[in-house]
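Q: Could we go through this structure together? I would like to start with the aromatic rings.

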Amino acid sequence: MIGRMLMACVLAAAICQVLNAEQHTRIQEVYPWRRQGEGVMVRVKRDWIIPPIRVLENSKQVPENLVQIKSDKIFTGEVIYKLEGPGVDQAPKNFFEIDDKTGVIRSKRPLDREKYSSFTLKAFALSTSGERLENPTTIEIVVLDQNDNRPVFTQKQFTGAVSEFSVPGTSVMSVSATDADDPMTDNAFLSYSIIGQESIPANAVTKTMFGINNETGTIYTRDVGLDREVVKTFRLMLQVADMGGMGLTSEGVAIIHVSDINNHAPQFHPSSYSITAVENRMNYEIGRVNVTDFDDRGTGNWEAKYFLSNDPYRNFAVTTDSVTNQGILMAAKPLDYEAQNEHILFLTVENINPLSDKAPNLPVSSAIVVVTVVNENEAPRFREDPIRIVVPESVAPGTLLKSNIAFDPDKSDLRYEISRDPERWLDINRHTGDITARRTFNMRSQHVKNNIYVAVVKVTDVGGVSTTASVAITLKETNDFPPKLLPRIGTVCRDARRVASGLVLTAEDDDLPPHAAPFVFEMPDDVSVNWTVIQVNDTHAMLQPLVDLGDGEYAVTLLVSDSGKPTLSSYAQINVTVCLCDSFGDCKSEAGAVFGSSMGISFIALIVIMASVGLLLLLLLLAVAATSCGRRHHIKKGAGLLVGDSEDDIRDNVLNYDEQGGGEEDENAFNIDLLWNPLDAPLTPPMPYYPVAGVRGKQPIRKDAPHNLPSPAYPRRPPADPTDIEDYISDGLQAADKDPNVLPYDTALIYDYEGEGSLAGSLSSIASGSSDEDQDYDYLNEWGPRFQKLANMYDPR
């Protein structure tokens with residue numbers, strides 16, 4: 001039987017080879033421009049449609065003749081065939097060509113159907129001159145598919161999940177693959193299969209747990225027994241094949257995780273706890289309880305939720321540690337050892353997610369927690385903070401303001417003190433805590449804000465534990481001050497009674513409303529004969545005379561009262577001046593009355609008179625200034641500014657000095673010596689001398705050298721060579737030191753005559769008219785240590 005089948009297959013293959021060879025040896029001829037007759041063409045309206053030409057992809061016989069086109073017309077000349085379109089002269093190019101003489105269309109290289117499944121070309125019949133002999137015709141070339149592509153999975157690795165204890169047939173996930181071959185052929189008909197299974201942990205499950213639909217690729221459960229506590233993951237090796245499973249194949253991987261269900265309830269371990277808690281503390285951890293749960297850690301099937309009972313005052317709270325799943329027991333309120341020193345709590349636990357119906361039917365786990373309260377020295381407590389007191393500001397000293405302000409939970413003795421009282425208005429009993437007024441309050445204090453005065457009291461128990469509280473004293477305004485009348489001095493016009501005017505009065509009160517305005521202004525009966533007071537509004541009144549009064553000063557007594565309870569009043573004496581008033585209501589003098597009358601001088605005339613007087617004063621000042629300037633040119637010759645007038649003309653000469661050492665003598669000029677000794681400069685700086693024109697007096701005589709001796713010869717001209725300047729200066733200095741007719745130890749600087757009539761006077765008068773013996777140099781001793789050496793030189797003793 002098998003032998004016969006093999007022979008049949010060989011015979012069929014031989015027949016196919018013959019047919020293929022025959023197809024390639026004989027080219028199909030088509031006449032696309034045929035007008036009538038029967039053939040392979042189908043006529044549509046006026047054109048013929050050529051059936052598609054089918055070409056097998058990946059053909060090794062290239063170039064391969066595909067079809068020959070001909071025209072059935074009879075032409076006198078030669079017919080040239082042309083082919084255009086994608087695959088010829090358009091992209092993709094060079095896949096087809098046509099023999100322009102025979103009309104044979106052939107493929108130039110192998111075709112790939114996955115890239116180009118068909119080509120649409122245009123065929124032309126032309127004359128040698130390029131003239132169209134026939135209308136263009138369309139030729140369709142279809143590439144036939146071969147099974148030359150393997151199917152490929154769309155993912156390298158597929159991942160899915162399935163709940164534990166799922167029943168057989170539960171869909172888990174789907175896998176898919178693609179094949180680039182023609183989907184209309186068996187070359188792309190795919191078939192899926194599972195070729196291997198692995199469990200994690202390894203070998204935890206040996207039976208086949210999953211199956212796959214070979215057409216859709218859907219993976220499903222095949223057997224029972226998926227338990228996440230036993231196996232957590234499966235790894236499946238997949239295979240896909242085309243040709244319905246008989247062709248080309250590829251392999252892939254699918255990872256399936258077994259997901260957890262809440263099939264384990266949390267259980268306390270252990271089920272009883274003993275915890276201690278310090279009193280008077282809150283919102284802190286006092287202990288923890290433990291539970292176990294075999295479900296997937298970190299999920300809602302594992303995370304515990306705790307419930308607390310037997311806590312009617314909600315003194316405790318319990319939360320869950322998300323990392324360890326422990327129950328954290330907290331003191332939600334301060335515990336009081338004196339009130340209750342032990343608390344017994346009941347705890348229950350369950351998961352956040354509901355328990356699965358596949359879980360064992362067990363009771364809810366519970367635990368007992370005994371909390372023992374530890375006593376500690378508690379701080380004293382104020383019954384209120386701040387301590388509120390409402391009191392009138394004029395409270396009498398010693399008045400009790402507040403008592404029983406604090407207590408100690410440990411029942412120990414307390415000590416009270418005031419830690420802040422900026423105005424020192426309060427006292428407190430050290431043992432009872434009674435707060436009393438030390439003195440009356442003052443609402444105008446800078447420490448009173450919005451009528452509230454704030455102090456701080458401190459209480460300490462015997463253990464040294466203390467606490468403080470604020471004392472907020474609300475001060476109520478009282479009528480403490482009588483109003484004051486203003487102003488105390490004023491003027492009233494003589495005709496005030498006729499023109500309904502007068503002195504406007506007001507009052508001020510150091511109290512605050514309602515103990516101030518409105519004010520009431522009244523006049524005593526004995527004064528109301530000549531004067532009256534008229535109320536203008538709540539704060540002002542007007543004082544008016546009732547009869548015509550003569551000009552003069554009047555003392556009027558008034559009474560002003562406030563609106564406080566009790567009402568306070570005060571008397572005030574107003575000094576009123578009655579006078580004749582101008583149009584503005586101001587008093588004016590008798591002279592003003594005359595000028596203001598029609599017989600007086602007008603205001604413009606008064607301004608003209610004042611301007612004339614000012615002009616005369618200005619002219620007088622200019623005359624005095626001119627006279628002073630003329631007298632400056634008549635100062636006596638040889639005298640200073642204060643000596644007398646001079647009959648000589650002023651000579652303002654500017655002289656050019658070529659030599660500063662000895663100088664040239666000028667018969668018409670006089671000399672003044674400027675003293676400066678470079679050797680004495682650091683110790684006794686020279687008193688400045690200024691060259692001033694005037695008559696030279698007799699020089700003081702040196703006591704350290706003989707006088708009336710001839711002076712040595714001074715160097716007269718500076719050297720031509722600059723290098724000899726030092727020698728020139730040294731010679732001049734040596735000659736001056738040996739000259740007995742100059743001032744002591746000084747080089748003489750000679751100044752020529754600079755003209756007469758110097759405003760500063762002459763310094764030569766110091767020595768003129770007297771001899772050296774007549775001069776008194778004792779005043780040099782009074783000038784200080786800097787002039788002591790000079791005084792010693794001219795000391796007559």
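Predicted model: local features only at pLDDT ≥ 70, side-chain atom pairs only at ≥ 80, totals over all residues.

Q: Is F158 buried or exposed?
A: F158 has a relative accessible area of 3%, so it counts as buried, the limit being under 20%.

Q: How are the rings of F153 and F158 arranged?
A: Their centres are 6.0 Å apart and their planes meet at 70°, so the pair is edge-to-face. A search of the whole structure finds 11 aromatic pairs.

Q: What about W425 and F441?
A: The ring centres of W425 and F441 are 5.0 Å apart, with the planes at 35°, so this pair is tilted. The pair links distant parts of the chain, 16 residues apart. W425 is in the loop between β33 (414–420) and β34 (426–428), while F441 is in the loop between β35 (435–437) and β36 (448–449). Both W425 and F441 are buried.

Q: Which residues do ring pairs link into a cluster?
A: The cluster consists of F95, F96, Y116 and F119.

Q: New topic: how many disulfides are there?
A: The search of the whole structure finds 1 disulfide. It joins C493 to C581, with an S to S distance of 2.0 Å. The angle about the S-S bond is -105°, and the link is left-handed.

Q: Which parts does the pair tie together?
A: C493 lies in strand β40 (residues 489–493) and C581 in the loop between β46 and α3 (590–596), so the pair ties together parts that are 88 residues apart in sequence.

Q: Are C493 and C581 buried or exposed?
A: C493 counts as buried at 11% relative accessibility, and C581 counts as buried at 14%.

Q: Where is S570?
A: S570 is in strand β46 (residues 569–579). At 17% relative accessibility, S570 counts as buried. A polar atom of the S570 side chain lies 2.4 Å from the backbone oxygen of P483. Leaving aside neighbours within four places in sequence, S570 is in contact with P482, P483, K484, L558, L559 and V560.

Q: Finally, in what order do the 4 strands of the open sheet come?
A: The order is β12-β19-β18-β15, and the pairing is mixed. β12 (157–163) and β15 (191–200) stand at the edges with a single partner strand each, so one side of each has no neighbour in the sheet. From one strand to the next, the twist averages 25°.

Q: How do β18 and β19 pair?
A: Strand β18 (residues 233–241) and strand β19 (residues 249–259) pair in the antiparallel sense over 9 bridges. The bridge partner of A241 in β19 is T249.

Key: Residues numbered from 1 in each chain as written. Heavy atoms only, no water. Pairing = 2+ DSSP bridges. Helix = DSSP H or I, 4+ residues; strand = E, 2+ residues; numbered from the N terminus. Axes fitted to C-alpha atoms, helices over the stretch in contact; angles between N-to-C directions. Buried < 20%, exposed > 50% of the residue type's maximum accessible area, 1.4 Å probe, protein only. Polar contact = N/O pair within 3.5 Å; in protein donor to acceptor, adjacent residues only side chain to side chain. Contact = heavy atoms within 4.5 Å. Disulfide = S-S within 2.5 Å. Phe/Tyr/Trp six-rings, centres within 6.5 Å; stacked < 30°, edge-to-face > 60°.
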